[in-house]
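Subject: A structure for you to look through

Hello,

Here is the structure I promised to pass on. Please open it beside this email and follow along as you read.

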Amino acid sequence: ASFTISLHKADNTTVMIKLRPGVSPSCRILMKSVIRSELEVKPGENVTFTFTCSTPENYFITEIQKNIDCVSGPCPFGDVHLYPPGLPRLNRTYIWDVKASTKAGLELKFSTSWLRQIEPGETCPDSVSYNINSSIDMATVNIGTFCRNGSVSRVKLLGGVVMSLQLPWHLPLATSGFNIANRASIKRLCIIESILKGESSITLMSPNYPLGFPEDELMTWQFVIPPNMRASVFFHNYSLSNCERKEERVEYYIPGSPSNPEVFKLTDSQPANIAGSFNMSLQGCDQDAQNPGILRLLFQVVVQHLQVDENVTHLVDLSKEKNMTVTIHLEGWPSHTPLMSEPICLICKDPRTCDRVLTLTSGAVYRISFLCKDLSRLRITAEKGIGCMDIRWCQRKIYSLSVPKAITRLPVRLHKFIWKLLATDLINVEIMSPSLKLQQHVSEQRCNRSYSYSIVSATPETELNVGVFCPGGSIEKIQMRNNITISLKTFGKGFINETIPQDLKMSFVPHIKDECTFTVSPNPKAKVYLQTPNWPYGLPPYISISWFIVVPSKQTARLGFSKDRMGITCETGRAYVNIKEETPGAEETVRREDELLPQPRNMHHNFWVNVSNCKPVDKTQLTLQFWVTFADKQIDLGIILAVVAGAGVLTVIGLSVYCVKKKKKTQNPMVGVYNTNVNTQMPGKKGLFRKGRQNNESHVYAVIDDAVVYGHLLKESNGLVAPEVDVYRPFDGPIGSLPPSPPPFSFRKDIKLSSNPEEEPLPLTDADQDTYTFAHQKSGQSEDNGDANKKVKGDTSMPLLENKEQDGLVE
């Protein structure tokens with residue numbers, strides 16, 4: 001098909017058809033047997049041409065430029081038409097270059113669809129876009145790029161204007177969509193009018209965005225707001241230039257304001273909940289010539305209906321709080337930023353200071369209100385810091401880690417409350433839950449409360465995620481080294497209505513040996529699961545963790561591990577599991593990473609479980625889980641019979657002694673001589689006491705209790721029962737409250753440790769003990785073992801005679 005372009009000279013219009021950038025010249029323009037790659041039609045020319053391909057829109061674009069002189073001649077007011085007609089169906093760009101004096105600016109008025117400003121690089125959905133540039137003398141300022149269907153109804157510019165319209169080849173648009181409405185002196189760079197209808201949100205940018213607002217310029221936005229609506233301004237992206245004189249600022253003319261214009265810095269919270277139409281102006285400054293900087297602004301104006309409850313205020317009293325911030329925000333903040341087109345929720349700390357995010361600080365009292373149809377979209381995140389730099393001032397102080405009532409009373413769901421506990425290297429943190437206790441969240445025992453605590457211990461080298469805990473468990477306290485972060489996180493709306501009060505407290509304690517120590521006091525009927533911190537990623541290298549398990553007096557605990565081995569191989573050092581009951585003479589069970597973990601076993605007293613990590617060979621770290629159950633102590637029938645028999649024997653002995661006393665009262669006292677040369681040892685049983693009792697006097701007693709006579713039966717009961725009778729036991733020294741000490745790191749890091757079990761010392765067993773011999777006093781040991789009824793005398797020079805002489809008996 002052939003095309004004809006005819007231009008009148010008075011139209012002052014030029015048409016250029018040229019290749020699209022980056023496209024190979026596979027298609028050409030044919031005019032009078034001459035093949036061309038471009039075509040220019042000037043005013044007064046008449047040109048006929050064809051294309052050498054059937055799809056010229058893939059290769060060519062058209063630019064139509066019209067020059068309009070409003071300085072030396074009359075200005076063509078009214079609608080601006082698309083001229084000339086009959087152009088080929090190519091992507092078109094119409095450019096109107098209007099010359100005007102700076103004393104008489106131009107006003108461009110847009111049709112009812114109006115315009116919507118977009119950021120540089122953004123495209124319009126229908127591919128129709130307008131670009132407006134202000135032309136002052138030789139300088140050009142880009143006012144902005146706009147799409148159709150927006151709120152911008154008029155633009156007034158100082159001086160001339162260069163207006164461009166881009167149309168796609170397939171859209172047969174018949175009108176430009178704007179007209180030159182008027183000439184008026186505005187004494188500022190430009191004025192942009194925006195008419196908002198109903199609930200809406202618009203985004204606008206300063207001229208030349210993001211390159212920078214012209215130096216020492218002034219521009220204004222005029223916003224027309226419907227009655228019974230409220231408007232709020234939010235600055236989303238801005239930067240400041242380096243001013244030599246004056247100051248960059250924003251000025252507002254607000255109806256009914258007693259201080260028009262209201263002046264704000266760009267860093268301030270901007271006015272909100274504005275009733276009625278208002279103006280907003282941006283004023284630049286004189287910039288530093290050497291380092292001018294960039295002044296730019298991208299902001300949003302939100303219009304919404306008048307809220308019924310906007311006058312309802314909520315008191316938030318933080319006057320007695322210290323080091324605390326409370327932030328009210330939309331759900332998902334800050335990782336999820338709401339789209340500007342989404343319905344907006346505003347939080348106001350006074351009628352004109354509102355924002356999507358409001359932060360309150362401790363030491364003040366606030367009265368806040370909400371401009372939001374759906375408060376369920378809002379959340380509260382709070383943070384409180386507690387520090388200790390000197391243990392002398394902190395050690396006896398107990399801090400309550402509970403959410404203040406000022407927060408729980410708000411009609412907004414608490415999302416997270418964070419306590420940051422800070423201390424020096426020699427001060428550690430103890431977390432307690434005296435009445436509720438804590439339950440560790442594990443796969444076998446999940447938390448089902450409306451909230452939980454996440455505890456993290458942080459050092460400059462590593463971060464240890466201690467675990468997730470909820471109230472209603474068995475953990476009484478947790479002692480940790482280093483700085484601690486405790487995060488209370490809520491689930492659902494139940495936290496506000498939680499009937500059980502919060503019971504988490506903390507205090508600062510002196511330095512502890514392990515990285516973390518748990519004190520566990522389970523319910524006698526419960527089965528408790530415990531696992532190492534940093535689950536499931538594993539303990540960091542060379543970390544030691546301890547658990548102290550409290551066993552009720554009439555209960556027996558059963559301890560078991562959830563797997564057979566630790567499941568790691570050490571590159572440096574050794575990993576250990578240590579188990580020890582807190583009782584005199586208790587054996588310590590130790591297992592290395594290359595050994596099987598202990599089988600389930602019964603524990604009759606409070607006991608320690610210690611886990612110490614090495615540096616593993618591969619990325620697999622040490623993860624360990626164990627469980628504890630309880631059962632009532634039961635006495636074997638054999639023990640009961642033995643005790644009854646013993647009582648019977650003692651009764652017979654008592655009657656015999658009574659009869660002897662009665663008889664001897666009627667006889668003359670006999671004189672007896674103690675002969676030290678007489679051999680009182682029974683013949684024929686020399687091999688019975690392997691430790692040589694005739695030499696060490698361990699068989700000599702001041703008082704013999706009947707339980708001692710049958711004490712060996714207690715050891716034959718498989719350790720399942722602890723009878724309700726006092727039994728003499730060896731005393732190995734005082735037992736403290738510290739966990740069993742793991743091997744020193746210097747030993748654990750020794751890769752050359754022998755793996756031959758024959759070179760390892762075997763654990764002490766019952767076979768290595770003399771079950772027939774009672775321990776005598778050791779050198780330097782106290783004479784009193786703590787039981788006033790069973791004393792081992794340090795002086796055994798007169799065995800068994802001391803009490804008898806008091807009765808007048810000499811044998």
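Let me begin with a definition: rings of Phe, Tyr and Trp (its six-membered ring) pair if their centres lie within 6.5 Å, and the pair counts as stacked with planes under 30 degrees apart, edge-to-face over 60 and tilted for the rest. Trp221, Phe223, Phe235, Tyr238, Tyr252, Phe264, Phe278 and Phe299 form one aromatic cluster.

Before going further, please keep in mind that this is a predicted model, in which local features need pLDDT of at least 70 and side-chain atom pairs count only at pLDDT 80 or more, while totals for chains, interfaces and linings use all residues. Residues are numbered from 1 along each chain as its sequence is written, and side-chain values use heavy atoms, with hydrogens and water left out.

Now the overall picture. The chain holds eight helices and 54 strands; helices (H or I, at least four residues) and strands (E, at least two) are DSSP runs, numbered from the N terminus. Of the 811 residues in the chain, 42% are buried, where buried means under 20% relative accessible area, exposed over 50% and partly exposed in between (1.4 Å probe, protein chains only). Among contacts (heavy atoms within 4.5 Å) with a separation of 6 or more, 80% are between residues 24 or more positions apart.

Next, some strands to find. Two strands pair if DSSP finds at least two bridges between them. Strand S9 (residues 91-99) has seven of its nine residues buried, so it is largely enclosed by the rest of the structure. S9 is joined to strand S7 (residues 60-69) by nine bridges, and these two run parallel; aspartate 69 stands opposite lysine 99 in S9. With strand S15 (residues 160-167), S9 pairs in the antiparallel sense over seven bridges, and there arginine 92 has leucine 167 as its bridge partner.

Asparagine 133 stands opposite valine 162 in S15. How many of the residues of S12 are buried? Eight of its eight residues are. In a regular strand the side chains alternate between the two faces of the sheet. You can see this in S12: Ser129, Asn131, Asn133 and Ser135 point one way, and Tyr130, Ile132, Ser134 and Ile136 the other way.

S12 is also joined to strand S13 (residues 139-148), by eight antiparallel bridges, with serine 135 partnered by threonine 140. The hairpin of S12 and S13 has two residues between the strands, and aspartate 137 takes a positive phi near 55 degrees there.

Further along is an open sheet of four strands with antiparallel pairing, in the order S28-S33-S30-S31.

Finally, back to the rings. A search of the whole structure finds 23 aromatic pairs. One of them is tyrosine 94 with tryptophan 96, which is stacked at 5.9 Å centre to centre with 15 degrees between the planes. Tyrosine 94 and tryptophan 96 are both buried.

Enjoy exploring!
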